[in-house]
Amino acid sequence: MTIPTLTTNRLILRPIHNDDVSAYLSIWSDPEFTRYIGGSSTPSRDGIWHAMAGNIGCWALTGVGPWTVIEQVTDDVVGRAGLWDEPDWPGVEAVWFIGRRWWGRGYATEAATAAINWVFDIRPELGQVVSTIAPANTPSIRVAERLGMTLARTEFLHGSDHHVYAISRDEWVARRSQDRTA
């Protein structure tokens, strides 16, 4: 399977590389960054590598997955974003994990927008995209809302309650059309 590279105004979403381990380790070592995503212990290089391999595995098993997010101006790895799909999951999920150093720049919204555009373009049968977010994670809830997602329900996932935000294909297409005419 070939993982595409996506480009936005400020970012490059490219396949995950072995060279990303150090950058990911730095990002995932920040307790504030991992606060809502299971950051109870300090990650290790091998743990980061295994997580990266799992992300590549998502691509191989489902045809979608996360990308490494690169800031174009600096060529820095700023995080990981893209899509996630696993058995018994609420749906194809838009995910974003941008390092704290780059928070407040709109990178999560920009990367997720590119991923959602891409998946709706290549999967005509896909009716919606979701994002599962810990109820206390207000920054990610704001990203979901900026993407036009609304709270659909709460589900018990991976050991805790998560809000499931969703946007339908029709809602997404309408937003894209509105953005192009604005």
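The questions and answers below concern a predicted model.

User: Is arginine 123 buried or exposed?
Analyst: Arginine 123 sits in the loop between helix H3 (107-122) and strand E6 (128-133). Its relative accessible area is 15%. Buried means under 20%, so arginine 123 is buried.

User: Which residue's backbone oxygen lies 2.4 Å from a polar atom of the side chain of arginine 123?
Analyst: Arginine 123 touches Thr62, Gly63, Val64, Asp85, Val92 and Arg169, leaving aside residues up to four places away in sequence. At 2.4 Å from a polar atom of its side chain lies the backbone oxygen of one of these residues. That residue is threonine 62.

User: Is isoleucine 122 buried, partly exposed or exposed?
Analyst: Isoleucine 122 lies in helix H3. Its relative accessible area is 43%. Buried needs under 20% and exposed over 50%. The value falls in between, so isoleucine 122 is partly exposed.

User: How many Å apart in space are isoleucine 122 and proline 31, C-alpha to C-alpha?
Analyst: In sequence, isoleucine 122 and proline 31 are 91 residues apart. In space, their C-alpha to C-alpha separation is 36 Å.

User: Are helices H1 and H2 roughly parallel or roughly perpendicular to each other?
Analyst: The axes of H1 (residues 21-28) and H2 (residues 45-62) come within 9 Å. They cross at roughly 105 degrees. Angles of 65 to 115 degrees count as roughly perpendicular. H1 and H2 are therefore roughly perpendicular.

User: How many nonpolar residues does the contact of H1 with H2 have?
Analyst: From H1, the contact takes in Val21, Ser22, Tyr24, Leu25 and Trp28. They meet Arg45, Ile48, Trp49 and Met52 in H2. By class, one residue is polar, one is charged, and the nonpolar count is seven.

User: Which residue in E8 is the bridge partner of isoleucine 133?
Analyst: E6 pairs with strand E8 (residues 160-168) in the antiparallel sense. Six bridges make up that pairing. In E8, the bridge partner of isoleucine 133 is histidine 163.

User: Which residue in E8 is the bridge partner of glutamate 155?
Analyst: Strand E7 (residues 150-157) also runs antiparallel to E8. Seven bridges join E7 to E8. For glutamate 155, the bridge partner in E8 is histidine 162.

User: Which residue takes a positive phi in the hairpin of E7 and E8?
Analyst: The hairpin has two residues between the strands. The positive phi is near 50 degrees. The residue that takes it is histidine 158.

Notes
Residues numbered from 1 in each chain as written. Predicted model: local features only at pLDDT ≥ 70, side-chain atom pairs only at ≥ 80, totals over all residues. Heavy atoms only, no water. Helix = DSSP H or I, 4+ residues; strand = E, 2+ residues; numbered from the N terminus. Buried < 20%, exposed > 50% of the residue type's maximum accessible area, 1.4 Å probe, protein only. Polar contact = N/O pair within 3.5 Å; in protein donor to acceptor, adjacent residues only side chain to side chain. Contact = heavy atoms within 4.5 Å. Axes fitted to C-alpha atoms, helices over the stretch in contact; angles between N-to-C directions. Parallel < 35°, antiparallel > 145°, perpendicular 65-115°, else oblique. Nonpolar A, V, L, I, M, F, W, Y, C, P; charged D, E, K, R; others polar. Pairing = 2+ DSSP bridges.
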